Amino acid sequence: MSLRGRGAIVGIGEVPTRRIYEGRSMYGLCAEAAGLAIADAGITKNDIDGLVTDGVALPPAIAEYLDIKPNFATGVSMQGASGATATMVATSAVSSGICNTVLVVMGNSRQDAERAGRPAGRGASSPSVRSEWEEPHGMAPGANTGYGLMYRRHIHEYGTTEEQMAKMAADQRFNALENENAVFNGQPINAKDVLNSRYINEPLKLLESVMPCDGAAALIITTPERAKNMKNKPAYVLGVGLKQGEANIWQRDKFTETPAVDSVRRALEMAGYSPSDIEFAEFYDCYTILAAMCLEDAGLVEKGEIGPFYEETDTTYKGAFPINTDGGQLSGGQPGLAGGFRHVIEGARQIMGKAGSRQVEKSDLCLVNG
């Protein structure tokens, strides 16, 4: 069954992403974001009969914290794609009639993570998934090595340059400058600054990587019929697609290809659009190279041409093809699994006409990738 137009985002809320919120818990930050989204939608918490979280913020605990008793509740843990997947699940629940108005919420507290004994920003249900073959001999701890390998292979296959990827990071920092919710709000950089930042796993540099942060975000999604009577212009979900990739990158047939090849194709088919119809994009960007490869695999840029594309194209919110208009995770910050959720929130914000000085000129059709 198609989900085309079967769900409407009618409210959004975002706690500004900061390096750390001293003394704040993940649940407290999530509750604040939920309150903002509920108020933005013009409803009360009693109107909420569905709840979806990232699985780290446990649905029973969130429901109890907010004093709600939804008819439908679940936690969705899909690593960085948790936000996009949670929105798909919420749309499915509304479309099927299981519930009418769903709160999707997720967030992160670094202090909570430290108390729980897990790395800041990593979900409680997301331990290391390196295989028995990697554990004894490598790869190095953290995600840097895998993405460094992807980056190096893309350079080898397509001639992509570090200068081109630096332009990508600089464009996104420009987008964050006027975003009060971004961790790097008001802190400009240029491509030269990116190139001069230290290597974290050559050819990846520090300013091509996210900063783990605290924060939270939430949205309200309901039926199109209910959305017609609400105060905000809705952002309709037109198409969705999901494709599970490998936990270990050496299992991939091709290092420079991502699951977006399939997931985006199916989302566009459901929506009835082609890549050339898309007006702006919000793409998962834990590192420059991942967003770059996903943009290619989505068909927005020819495979291997993402370097020249960034070199020649203004991708700021003022530009010809805006990408990650709030700064993305590179310059907005990554509050745990809510880092990927910020792309959903910003896409909805732009379509709803709520982006203020960052409002893109053409904002009818956005492609979001988690």
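1. Ser209 counts as buried, since its relative accessibility is 13%, where buried means under 20% relative accessible area, exposed over 50% and partly exposed in between, with a 1.4 Å probe and protein chains only. Ser209 sits in the loop between β6 (204-205) and β7 (214-222), helices (H or I, at least four residues) and strands (E, at least two) being DSSP runs numbered from the N terminus. Leaving out residues up to four places away in sequence, Ser209 touches Ile200, Cys286, Tyr287 and Leu330, a contact being heavy atoms within 4.5 Å.

2. A word on the basis of these remarks: this is a predicted model, in which local features need pLDDT of at least 70 and side-chain atom pairs count only at pLDDT 80 or more, while totals for chains, interfaces and linings use all residues. Residues are numbered from 1 along each chain as its sequence is written, and side-chain values use heavy atoms, with hydrogens and water left out.

3. Strand β4 (residues 101-108) is largely enclosed by the rest of the structure, because 8 of its 8 residues are buried. In a regular strand the side chains alternate between the two faces of the sheet. Both faces of β4 are covered, with Thr101, Leu103, Val105 and Gly107 buried on one side and Val102, Val104, Met106 and Asn108 buried on the other.

4. The partners of β4 include β2, to which it is joined in parallel by 3 bridges, and β7, to which it is joined in antiparallel fashion by 8 bridges; two strands pair if DSSP finds at least two bridges between them. Gly50 stands opposite Val102 of β4, and the bridge partner of Met106 in β7 is Ala217.

5. Strand β2 (residues 50-53) also pairs with β3 (residues 72-75), in the parallel sense and over 4 bridges, with Leu51 opposite Ala73. Together with helix α2 (residues 59-66), these two strands make a right-handed β-α-β unit, right-handed meaning that, with the strands pointing away from the viewer, the path from the first strand over the helix to the second runs clockwise.

6. Two further loop residues deserve a look. Leu365, in the loop between α13 (338-351) and β10 (366-369), is buried at a relative accessible area of 11%, and among the residues that it touches beyond four places in sequence are Leu238, Tyr273 and Phe280. Leu365 and Leu238 are 127 residues apart in sequence, while their C-alpha atoms are 9.4 Å apart. Val301, in the loop between α10 (288-297) and α11 (306-312), is likewise buried, with a relative accessible area of 8%, and Val301 is in contact with Leu295, Glu296, Ile306 and Phe309 when neighbours within four places are set aside.

7. Most residues other than glycine have a negative phi, and most peptide bonds are trans. The peptide bond from Glu202 to Pro203 is cis, with omega near 10 degrees, and Pro203 lies in the loop between β5 (199-201) and β6. Asp67, in the loop between α2 and β3, has a positive phi near 60 degrees and is partly exposed at 48% relative accessible area. Gln79, in the loop between β3 and α3 (82-95), has a positive phi of about 50 degrees and is partly exposed at 44%.
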